[in-house]
Amino acid sequence: MLSRPTNLNDDVPCDIFAVSADFPVRKSKDIRQEQLKDEELKEIIDCFENSSKDENFANWLSRGYLMNQGILYLYSPEVETEEAQLVVPFQERERVLQQYHDVPTAGHYGAEGT
């Protein structure tokens, strides 16, 4: 619920409005294709998928990168959630920030609005 009604009197009707939002769902195949378009992420993915694991593999692994079903994720023990986070490709970051921060149904309205 976005807000709680302030009317505590049961005799007076209180209007409550619900907001629903449909967030786009992307297929794993599409996410992988976007990650491979980012040269830096492609380098990491290629390193993980290469059969000869070298010092680069150990370096990326120690930084918290991991692959799951062909998708690159980043695990950071400092973050409160224990789940690995999807690595967003460079070319998608602005769109993701706008979609999840600037639209009216998002958590806030950007730096200026907040």
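A residue is called buried when its relative accessible area is under 20%, exposed when that area is over 50%, and partly exposed in between. The structure to which these classes are applied here is a predicted model. Arg95 has a relative accessible area of 36% and is therefore partly exposed. Glu92, by contrast in class, is buried, with a value of 12%. The side chains of these two residues, Arg95 and Glu92, form a salt bridge with an N to O distance of 2.7 Å. Both residues belong to helix H4, which spans residues 90-102, and they stand three residues apart, about one turn of the helix.

In general, side chains of opposite charge can pair when their charged atoms come close. The model contains four salt bridges by the criterion applied, including the one between Arg95 and Glu92. Another joins Glu34 to Lys37, with 3.0 Å from N to O. Glu34 is buried at 13% relative accessible area, whereas Lys37 is exposed at 54%.

Which parts of the chain does the pair Arg32 and Glu49 link? Arg32 and Glu49 form a salt bridge whose closest N and O atoms are 2.9 Å apart. This pair connects distant parts of the chain, since Arg32 is in helix H1 (residues 28-37) and Glu49 is in helix H2, 17 residues apart. Arg32 is partly exposed, with a relative accessible area of 24%, and Glu49 is likewise partly exposed, at 41%.

Attention now turns to the interior. In soluble globular proteins, nonpolar side chains tend to be buried together. The largest nonpolar core in this model comprises ten residues: Leu41, Ile44, Ile45, Cys47, Phe48, Phe57, Trp60, Tyr65, Leu72 and Val87. Two elements, helix H2 (39-49) and helix H3 (55-62), each give two or more residues to this core. H2 supplies the largest share, five residues.

Gln69 occupies the loop between strand E1 (65-68) and strand E2 (71-74). Although Gln69 is not a glycine, its phi is positive, at about 55 degrees. The relative accessible area of Gln69 is 73%, so this residue is exposed.

Definitions and conventions: Residues are numbered from 1 along each chain as its sequence is written. This is a predicted model: local features need pLDDT of at least 70, side-chain atom pairs count only at pLDDT 80 or more; totals for chains, interfaces and linings use all residues. Side-chain values use heavy atoms; hydrogens and water are left out. A nonpolar core is a set of buried Ala, Val, Leu, Ile, Met, Phe, Trp, Tyr and Cys residues joined through side-chain atoms within 4.5 Å. Buried means under 20% relative accessible area, exposed over 50%, partly exposed in between (1.4 Å probe, protein chains only). Helices (H or I, at least four residues) and strands (E, at least two) are DSSP runs, numbered from the N terminus.
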